[in-house]
Amino acid sequence: MAFAVTDELLGTFVPIAVYWLYSGFYIVLDGLGMDDYRLHPKWEEVKNIVSKWTVVRGVLVQQAFQIAVSLLLFTVLSDESGTVRKQPSALVIALQFIIAMFVMDTWQYFMHRYMHINKFLYKHVHSKHHTLVVPYAFGALYNHPLEGLILDTIGGALSFLISGMSPRTGIFFFSFATIKTVDDHCGLWLPGNILHVFFSNNSAYHDIHHQLYGNKYNFSQPFFVMWDKILGTYMPYTLETRKGGGYEARPVKLNQAQQTKAD
């Protein structure tokens, strides 16, 4: 019997392939020498207390959970008649993208922020991601498996279900969300990056959150910054040229009222 490559299978595995391919793109760039575009000088990577091989293993574990939940979800939702769901119009697909982005951002903001508020969850779960003080592309999904399940896998499932998108649309949405997440952790500020044109939530914005002074700010991910701005956890910054090459995302001093609200 022939093995059918369905939209459900593609929606499960294509974003994972995109993750490693896009991360590989940044590895190649790193090999070409990107010191003039780094948000941290190369030597600062010693601040990361886990090896890159440990990160690779951790990401693969999270992606294994992601595959299992995705296949389970598609099995539950599958149409036993075998009919292929008709794709809606481009306008409807665009609306589904916007809804899914809003749902994912909302879920991840509140779950992410709670993992910082709850000391037990931060110490035993979320702190694993923050062992990467100097982020890099393929460390984007380096999380505790429980965090990966709650933030990414469940968040993705909710985005898919609430938006009403088809599995075929999901291939493109989750691939795009993956690219955005990897880009936000790449540790580079590249000229001409089109994602920076459309999203103020970017590698510099998220780098602030990975620093000790930004630990209680900039929780929003992966698309917009609206929840940070609405709920007082937005830390504005300026992008300064670093002496010796590269850039530095430097926070703008917050007033006392903003500081108290965020705390």
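According to an unreviewed UniProt entry, the annotation "transmembrane region" covers residues 12–33, 54–77 and 89–110; UniProt positions are given in the numbering used here, feature names are shortened, and such annotations may be inferred rather than shown by experiment. The structure is a predicted model, in which local features need pLDDT of at least 70 and side-chain atom pairs count only at pLDDT 80 or more, while totals for chains, interfaces and linings use all residues. Residues are numbered from 1 along each chain as its sequence is written, and side-chain values use heavy atoms, with hydrogens and water left out.

Two of the annotated spans may be described by their secondary structure. Residues 12–33 are 95% helix and 0% strand, and their end C-alpha atoms lie 34 Å apart. The span 54–77 is 100% helix and 0% strand, with 35 Å between its end C-alpha atoms. Helices (H or I, at least four residues) and strands (E, at least two) are DSSP runs, numbered from the N terminus.

A network of salt bridges links Asp30, Asp35, Arg38, Lys42, Glu45 and Lys52. A salt bridge is a side-chain nitrogen of Lys or Arg within 4 Å of a carboxyl oxygen of Asp or Glu, and the structure holds nine of them. Arg38 meets Asp35 at 3.1 Å, N to O. Arg38 counts as buried because its relative accessibility is 9%, whereas Asp35, at 46%, counts as partly exposed; buried means under 20% relative accessible area, exposed over 50%, and partly exposed in between (1.4 Å probe, protein chains only). Glu45 pairs with Lys42 at 3.8 Å, N to O, and with Lys52 at 3.6 Å, N to O. Lys42 is partly exposed at 38%, as is Lys52 at 35%.

Asn48 lies in the loop between helix 1 (7–32) and helix 2. With a relative accessibility of 11%, Asn48 counts as buried. Its side chain reaches the backbone nitrogen of Val134 at 2.9 Å. Leaving out residues up to four places away in sequence, Asn48 touches Thr131, Leu132, Val133, Val134 and Tyr136, where contact means heavy atoms within 4.5 Å.

On the surface, Leu72, Val76, Leu77, Leu161 and Ile162 form a nonpolar patch with about 510 Å² of accessible area together. Patches are made of residues with over 30% relative accessible area and no salt bridge, like charges being joined within 9 Å and nonpolar side chains (Val, Leu, Ile, Met, Phe, Trp, Tyr) within 5 Å. Accessible areas come from the Shrake-Rupley method with a 1.4 Å probe; for residues, only the protein chains shown count as cover. Helix 2 (52–77) and helix 5 (145–163) each supply at least two residues of the patch, and the largest share, three residues, comes from helix 2. Leu72 is found in helix 2 and counts as exposed at 56% relative accessibility.

Ile93 belongs to helix 3 (residues 90–117) and is partly exposed, with a relative accessible area of 22%. Apart from neighbours within four places in sequence, Ile93 is in contact with Gln87, Pro88 and Thr169.

The loop between helix 8 (203–210) and helix 9 (226–230) contains Pro222, and Asn218 lies in that loop as well. Most residues other than glycine have a negative phi, and most peptide bonds are trans. Phi of Asn218, however, is positive, near 55°, and a cis peptide bond with omega of about -5° joins Gln221 and Pro222. Asn218 is buried, with a relative accessible area of 0%.

How values were computed:
A polar contact is a pair of N or O atoms within 3.5 Å; within protein, one must be able to donate a hydrogen and the other to accept it, and residues adjacent in sequence count only if both atoms are side-chain atoms.
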